[in-house]
Amino acid sequence: TIPLRSPAFADGDSIPRRFTCDGDDVSPPLEWSGVPSSTVELALLVEDPDAPGGTFVHWVLWGLAGGLSGLGEGDTPVQARAGRNDFGRAGWGGPCPPRGSDPHRYIFTLLALSDPLAVEAEASADDVKRAADGKVLAEGRLTGRYGRFKTMRTKGGLMGYPNPHESPYDLFMTGHAGSSVSSISGLRSGE
């Protein structure tokens with residue numbers, strides 16, 4: 001098993017808004033270690049198994065050097081190849097679950113491969129998985145969560161309110177609490 005982590009969020013915790021469709025929509029920084037020395041190539045997949053229509057792909061990346069130990073925020077190395085995500089474009093597409101749904105899980109899977117993948121440009125996650133069959137030396141997983149506010153119209157405009165299943169801690173950690181509190185404060189002051 002490859003230890004896979006992010007400096008931006010812990011395994012099982014909320015993914016900061018910056019890395020989602022509600023923020024800057026940049027890929028989060030990732031770090032890993034313990035990659036087998038015989039690794040020729042790394043591949044990375046990010047999938048949301050909680051999407052209403054079935055698993056939704058957010059990132060397909062392969063051709064990463066076997067000796068690489070991480071990716072910086074928004075980083076895609078020059079030699080890497082990006083596949084097509086389910087937003088219909090190549091590269092990262094951040095978490096963007098339906099408003100008001102329970103928080104979704106986003107599973108980052110890093111594959112250490114014994115041979116380079118033979119897939120076409122903008123391959124799908126399924127293409128990469130098929131090509132990786134029998135070549136996986138080790139893998140690592142990291143799971144983040146993200147949920148979005150429902151919105152309601154008020155006298156002062158739109159106000160976001162949290163999913164009833166999210167705790168105040170989740171709201172604080174995702175950075176959503178500040179905007180809700182200010183909106184609620186504004187309503188109390190008659191704005």
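User: Before we look at anything, what makes a pair of cysteines a disulfide?

Analyst: A disulfide is a pair of cysteine sulfur atoms within 2.5 Å. Keep in mind that this is a predicted model.

User: OK, so why are Cys21 and Cys96 called a disulfide?

Analyst: Their sulfur atoms sit 2.2 Å apart. The cut-off is 2.5 Å, so the pair qualifies. The structure holds one disulfide, and with 80 degrees about the S-S bond, the link of Cys21 and Cys96 is right-handed.

User: What makes this a link between distant parts of the chain?

Analyst: Check where the two ends are. Cys21 lies in the loop between strand S1 (4-5) and S2, while Cys96 lies in the loop between strand S6 (81-82) and S7. That puts them 75 residues apart.

User: Why is Cys21 called partly exposed?

Analyst: Buried means under 20% and exposed means over 50%, with partly exposed in between. Cys21 has 29% relative accessibility, so Cys21 falls in the middle class. Cys96, at 32%, is partly exposed too.

User: And His58, is that one buried or exposed, and how do you know?

Analyst: Buried, because its relative accessibility is 2% and the limit is 20%. His58 belongs to strand S4. Leaving aside neighbours within four places in sequence, His58 is in contact with residues including Val46, Phe87, Trp92, Cys96 and Tyr106.

User: Where is the largest nonpolar core, and which residues have the most contacts inside it?

Analyst: That core has 23 residues, and those with the most contacts inside it are Leu30, Trp32, Leu44, Trp59 and Phe108. Strands S2 (30-32), S3 (41-48), S4 (56-65), S7 (104-113) and S8 (136-146) each give two or more residues. S7 gives the most, with four. As for Leu44, not counting residues up to four places away in sequence, Leu44 touches Leu30, Trp59 and Leu110, among others.

User: How do you know that S1 and S2 pair?

Analyst: Pairing takes at least two bridges. Two bridges join S1 to S2, so they pair, and they run antiparallel. Arg5, for instance, has Glu31 in S2 as its bridge partner.

User: Why are S1 and S5 called edge strands?

Analyst: The open sheet has three strands in the order S1-S2-S5. S1 and strand S5 (70-71) each pair on one side only, and that makes them the edges.

How values were computed:
Residues are numbered from 1 along each chain as its sequence is written. This is a predicted model: local features need pLDDT of at least 70, side-chain atom pairs count only at pLDDT 80 or more; totals for chains, interfaces and linings use all residues. Side-chain values use heavy atoms; hydrogens and water are left out. A nonpolar core is a set of buried Ala, Val, Leu, Ile, Met, Phe, Trp, Tyr and Cys residues joined through side-chain atoms within 4.5 Å. Buried means under 20% relative accessible area, exposed over 50%, partly exposed in between (1.4 Å probe, protein chains only). Contact means heavy atoms within 4.5 Å.
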